[in-house]
Amino acid sequence: MSDDELSIDANIFEEPEGFLPPPPESHFATYDRKVANADPKQIRMKLVGKSPLWGHLLWNAGIYTADYLDKHAAELVKGKRVLELGAAAALPSLVCAVNGAKEVIATDYPDPDLINHIEYSFNELKQSAPQSSNYRVVGYIWGNNVSESIYGDEASGQLKEEEKFDLIILSDLVFNHTEHHKLLSACRQALTSTGKCLVVFSPHRAHLLDEDLKFFETCKEYDFDAEKIDMINMTPMFVEDEETAEVKSRVYSFFLIPKWE
């Protein structure tokens, strides 16, 4: 090789070992149930170390949803078929499983790591609460055909009535404004005419609260009426300035009520 030639090692652009910090490791979060005589009294979740989909955190909306479902289990959960969209930590689904749901299907983006962590939490729950409901964890992209994605049914193109859900949970999803139509499409496909969607969220970007709330206007295009349940304040997940702290501390809850027969 002449002095003018350059030898390029195939690994020249690789960082040396130990140069980059290791990715965050999986971790656990524990939820203490607040209802009397709860069994089990705690539910533990395994969370991914880091996720661009924010599945590595247990959100205020998830805690509120779990509290609400535990308190109103007799009406909303017991004997019902339950679907959760964007489950992440899947706490609401886990609470439904210990409250006598007929079946629980927890879905999130089909990332193997995320799905495996949800599966782990359900498997661990089954060890501590063998009486908990049948469940499935499924990768699902909002707006896709529910029948095909969740049941692998390519023939009918739509859910059979007996496959539809009595309760659909959307916990902290409406911040994703570009996905409102896809979320509502999934709900319209999957909900029974006598069921309800439970929608809970916090305005993590205070200046975009009005955009969050448009979800409850857009729902009318899918034959839903929005019924506000409550608005409470919890310790905000993120606070950059005191001016927005109160807005970010809010947790809103709504039902979507189907207007079709």
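Is A88 buried or exposed? A88 is buried, at a relative accessible area of 15%, where buried means under 20%, exposed over 50% and partly exposed in between (1.4 Å probe, protein chains only). The model is predicted, so local features need pLDDT of at least 70 and side-chain atom pairs pLDDT 80 or more, while totals for chains, interfaces and linings use all residues. Residues are numbered from 1 along each chain as its sequence is written, and side-chain values use heavy atoms, without hydrogens and water.

**Helix 1**
- Helix 1 covers residues 60-71; helices (H or I, at least four residues) and strands (E, at least two) are DSSP runs numbered from the N terminus.
- Its 12 residues should span 16 Å at 1.5 Å a residue, and the end C-alpha atoms, 17 Å apart, agree with that; the expected span is 1.5 Å times one less than the number of residues.
- Of the 12 residues, 9 are buried, among them Y64, Y68 and L69.

**Nonpolar cores**
- A nonpolar core is a set of buried Ala, Val, Leu, Ile, Met, Phe, Trp, Tyr and Cys residues joined through side-chain atoms within 4.5 Å.
- The largest has 40 residues, and L69 is one of those with the most contacts inside it, as are M45 and F122.
- A second, separate core of 35 residues includes L159 and F216.

**Backbone exceptions**
- Most residues other than glycine have a negative phi, and most peptide bonds are trans.
- A88, in the loop between strand 3 and helix 3, has a positive phi near 55°.
- D172 has a positive phi of about 60° and is buried at 7% relative accessibility.
- D39 and P40 are joined by a cis peptide bond, with omega about 0°.
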